[in-house]
Amino acid sequence: MINSNYEANGVAAPHLNGNPSRYAEASTDELGDQHIATSYETPLRPDAFEMPDEEKMVKIEKHFREIMDILGLDLRDDSLQGTPKRVAKMFVREAFSGLNPLNKPSISLFENKFQYRQMLVEKNIQVQSFCEHHFLPIQGHAHIAYIANGKVIGLSKLNRIVEYYARRPQVQERLTVQIAKELRKVLGTEDVAVYIDARHMCVEMRGVQHPNCSTVTTEYSGKFLNENTRAEFLQAIR
Ligand SMILES: [Zn+2]
């Protein structure tokens with residue numbers, strides 16, 4: 001049931017031919033530092049949700065305890081004891097809950113009775129995600145716009161869509177495109193803009209260690225390819 005739904009949920013269908021992708025030859029370090037996304041779909045195995053969440057948490061807890069143990073931490077310490085369980089719960093229930101299509105927000109649209117046909121901008125939507133190369137936080141804001149055709153969406157649903165796709169191991173480019181694709185689908189219009197400005201802890205805390213820089217990614221389609229429409233949107237989110 002879930003397996004046939006890959007495309008619809010922004011999840012990559014598995015590679016069936018077993019051929020390594022052209023990125024396979026680059027070292028993981030190169031890939032990570034260049035933040036290359038191999039696909040706009042999240043790479044997930046077909047059996048990703050056969051294991052129940054409870055079982056996933058038990059396993060992650062066990063393995064995270066081992067990581068801490070290898071690092072030499074004394075897990076009998078009161079302060080550390082509960083950490084593996086907390087991490088496991090956070091991964092499955094919060095940070096990566098957007099991997100599971102069952103957690104996708106249900107979207108209801110309303111008739112556009114007041115005939116609003118101008119631009120609607122929802123700005124400063126919080127983005128809290130994790131970089132899939134380093135499992136470190138990505139934090140920032142998304143600004144979304146669309147031009148209503150016949151239907152309008154509940155405003156909080158825009159936030160929910162951002163949240164759903166953010167709660168995965170991500171690269172910012174893919175997150176931007178996944179949100180835009182979903183909006184085009186649910187709103188039934190090409191006239192969609194997504195702008196994300198976010199800080200990457202993997203850039204700030206490790207590697208180059210440059211704090212306070214942020215990354216901007218955009219996805220424009222339909223009328224937003226028009227310079228004036230785009231300018232109106234950019235003016236609105238300034
Ligand atoms: Zn990273």
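Helix α8, residues 227-236, lies across strands β4, β5, β8 and β9, and runs at about 65° to β4. Good morning, colleagues; I begin with that helix and then turn to the sheet.

This is a predicted model: local features need pLDDT of at least 70, side-chain atom pairs count only at pLDDT 80 or more, and totals for chains, interfaces and linings use all residues. Residues are numbered from 1 along each chain as its sequence is written.

Some conventions come next. Helices are DSSP runs of H or I with at least four residues, strands are runs of E with at least two, and both are numbered from the N terminus. Axes are lines fitted to C-alpha atoms, for helices over the stretch in contact, and angles between N-to-C directions run from 0 to 180 degrees. Two residues are in contact if their C-beta atoms, placed from the backbone, lie within 7 Å.

The protein chain has 8 helices and 9 strands. Of its 238 residues, 26% count as buried; that word requires 20 or more other C-beta atoms within 10 Å of a residue's own, while exposed requires 12 or fewer and partly exposed lies in between, with C-beta atoms placed from the backbone. Among contacts in the chain with a separation of 6 or more, 72% come from residues 24 or more positions apart.

Now the sheet. What is the order of the strands in the open sheet? The order is β7-β4-β5-β8-β9, with mixed pairing across the 5 strands. Two strands pair if DSSP finds at least two bridges between them. The edge strands, each pairing on one side only, are β7 (169-170) and β9 (215-220). Helix α6, residues 172-187, packs on this sheet and touches β4, β5 (137-147), β7, β8 (192-200) and β9. The direction of α6 makes about 155° with that of β8.

Consider the pairings in turn. Strand β4, residues 119-131, runs parallel to β7 and is joined to it by 2 bridges; Phe 130 stands opposite Pro 169 in β7. Between β4 and β5 there are 10 bridges, and these strands run antiparallel, with Ser 129 opposite Ile 138 in β5. β4 and β5 form a hairpin with 5 residues between them, and Phe 135 in the turn has a positive phi of about 55°. On to β8: 9 bridges join β5 to β8 in an antiparallel arrangement, and Ala 142 stands opposite Ile 196 in β8. Strand β5 is mostly covered, as 8 of its 11 residues are buried.

Is Ile 125 buried or exposed? Ile 125, found in strand β4, is buried because 21 other C-beta atoms lie within 10 Å. Leaving aside neighbours within four places in sequence, Ile 125 is in contact with His 141, Ala 142, Ile 144, Leu 158, Asn 159 and Val 162. The C-alpha atoms of Ile 125 and Ile 144, 19 residues apart along the chain, are separated by 8.3 Å. Asn 124 is also found in strand β4, and counts as exposed because it has 11 C-beta neighbours inside 10 Å.

On backbone torsions, most residues other than glycine have a negative phi. Asn 124 has a positive phi, near 60°. Gln 209, not a glycine, likewise has a positive phi of about 55°. Gln 209 sits in the loop between α7 (201-204) and β9, and is exposed, with 8 other C-beta atoms within 10 Å.

I close with helix packing. The axes of α5 (residues 155-166) and α6 come within 10 Å and cross at roughly 140°. α5 is therefore oblique to α6; angles under 35 degrees count as roughly parallel, over 145 as roughly antiparallel, 65 to 115 as roughly perpendicular, and the rest as oblique. In this contact, Ile 161, Val 162, Tyr 165 and Ala 166 of α5 meet Leu 175, Gln 178, Ile 179, Glu 182 and Leu 183 of α6. By class, the contact of α5 with α6 has 7 nonpolar, 1 polar and 1 charged residues; Ala, Val, Leu, Ile, Met, Phe, Trp, Tyr, Cys and Pro count as nonpolar, Asp, Glu, Lys and Arg as charged, and the others, Gly among them, as polar.

Helices α2 (residues 53-70) and α4 (residues 83-95) pack at an angle of about 135°, with their axes 8 Å apart. α2 is therefore oblique to α4. The contact of α2 with α4 has 9 nonpolar, 1 polar and 6 charged residues.
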